[in-house]
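User: I would like to learn how to read a few features of a protein model. Please take them one at a time.

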Amino acid sequence: MGDTERRAERLVKSDAEWKRLLSPEQYRVLREKGTEHPGSGKYYHWKEAGAFLCAACGQELFSTKVKYESGSGWPSFWEPISPAAVEEITDTSHSMTRTEVVCSRCGSHLGHVFDDGPKPTGLRYCINSLSLSFRGE
Ligand code: FE
């Protein structure tokens, strides 16, 4: 079975429900495509081994095995835990063309992906700490 077939069913909630479930800061980033201040996030310098989950729905998104210090001010990963875990969307806001990364299950905003990452993928998934929760090994 391919990744597409394994993709979890979509989780759909109203804005009112998300507001009830998330902190105001998380709601602003996850549901309104906000960005936390660089260097401010809980997981920027995180060293424990485990997995990062979507803070909105709990889907596994990134392993700490592919986390690296990008110097950007945001947690950075060179690949998602599975290609099916995230969706990538062209974002032309703020007079830039960027690639937005969202959770494939609940559609929440995670961050952006850039092509200046390390080998082997050359990608930098630049993700807000506020969009993540952590589960240790
Ligand atoms: Fe999610």
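**Reading the sheet, the metal site and the pocket**

Analyst: This is a predicted model. Start with the sheet: β2, β1 and β9 form an open, antiparallel sheet of 3 strands, in the order β2-β1-β9. Its edge strands, β2 (60-63) and β9 (132-136), each pair on one side only. From one strand to the next, the twist averages 35°.

User: How many bridges join β1 to β9?

Analyst: In general, strands of a sheet pair through backbone hydrogen bonds, either parallel or antiparallel. Here β1 (residues 50-54) runs antiparallel to β9, and 5 bridges join the two. As one example, G50 has G136 of β9 as its bridge partner.

User: Which protein donors does the iron ion have, and what is the geometry of its site?

Analyst: The ideal angle for four tetrahedral donors at a metal is 109.5 degrees. In this model the iron ion has as its protein donors the SG atoms of C54, C57, C103 and C106, at 2.3 to 2.4 Å. The angles among the 4 donor atoms are 102 to 114°, and the site is tetrahedral.

User: How are the donor residues of the iron ion spaced in sequence?

Analyst: The spacing is C-x2-C-x45-C-x2-C.

User: What is the volume of the largest pocket, and which element gives the most to its lining?

Analyst: The largest pocket has a volume of about 150 Å³. Its lining includes T35, W74, R98, H109, H112 and R124. β7 gives the most, with 4 residues.

Conventions
Residues numbered from 1 in each chain as written. Predicted model: local features only at pLDDT ≥ 70, side-chain atom pairs only at ≥ 80, totals over all residues. Heavy atoms only, no water. Donors = N, O, S within 2.8 Å, 3.2 Å for Na, K, Ca; no water. Tetrahedral: all angles 85-135°; square planar, octahedral: opposite > 155°, others 65-115°. Pairing = 2+ DSSP bridges. Axes fitted to C-alpha atoms, helices over the stretch in contact; angles between N-to-C directions. 1 Å grid on protein atoms, 1.4 Å probe; cavity = no way out; pocket = protein on both sides within 12 Å on 5 of 7 lines; lining within 4 Å. Points joined across faces, edges and corners; volume = space filled by probe spheres on them.
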